[in-house]
Amino acid sequence: GVKKKTIYVLTTVTAIFLPLQFVTGLFGMNFKYMPQLNDRGAYYLLLLIMTIYTVLALLLVWWCSSGRRRSLKHHDIEAA
């Protein structure tokens, strides 16, 4: 019902944003020495990795909630 849908949405949002918040918090700390700060490309590489992760997570959520996965599960149950 509604409760199950709410838990699903909250879990999905947490699964997408929690790792991104970890990376943001890590780079937001004040360190005297951080190797990535001297490399100009490291910032863009980190942005690229975070973007790829977000896109893949959203695609996984879309795929899991689409009718394809449900029909595959239903087909496996019928075959057994």
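Predicted model: local features only at pLDDT ≥ 70, side-chain atom pairs only at ≥ 80, totals over all residues.
Visitor: What makes up the secondary structure of the chain?
Guide: The chain has three helices and zero strands. Read from the N terminus, its elements run α-α-α.

Visitor: Why is Thr12 called buried?
Guide: Buried means under 20% relative accessible area. Thr12 has a relative accessible area of 15%, so Thr12 is buried. You will find Thr12 in helix H1. As for the chain, 10% of its 80 residues count as buried.

Visitor: What makes the pair formed by Thr12 and Tyr8 a polar contact?
Guide: A polar atom of the Thr12 side chain lies 2.7 Å from the backbone oxygen of Tyr8. A polar contact needs a pair of N or O atoms within 3.5 Å, so this distance meets the cut-off.

Visitor: Which residues of H2 are buried, and what do they pack against?
Guide: They are Ala42, Met50 and Ala57. These buried residues pack against helix H1, residues 2-28.

Visitor: What is found at the start of H2?
Guide: There, a side-chain oxygen of Asp39 comes to within 3.3 Å of the backbone nitrogen of Gly41. The cut-off for a polar contact is 3.5 Å, so this pair falls inside it.

Visitor: Which residues line the second largest pocket?
Guide: The lining consists of Phe27, Gln36, Leu37, Asp39, Arg40, Ala42, Tyr43 and Leu46. H2 gives the largest share, four residues. The space in this pocket is about 150 Å³.

Visitor: How many residues of that lining are nonpolar, polar or charged?
Guide: By class, five residues are nonpolar, one is polar and two are charged. Asp and Arg count as charged, so Asp39 and Arg40 are the charged pair in this lining.

Methods
Residues numbered from 1 in each chain as written. Heavy atoms only, no water. Buried < 20%, exposed > 50% of the residue type's maximum accessible area, 1.4 Å probe, protein only. Helix = DSSP H or I, 4+ residues; strand = E, 2+ residues; numbered from the N terminus. Contact = heavy atoms within 4.5 Å. Polar contact = N/O pair within 3.5 Å; in protein donor to acceptor, adjacent residues only side chain to side chain. 1 Å grid on protein atoms, 1.4 Å probe; cavity = no way out; pocket = protein on both sides within 12 Å on 5 of 7 lines; lining within 4 Å. Points joined across faces, edges and corners; volume = space filled by probe spheres on them.
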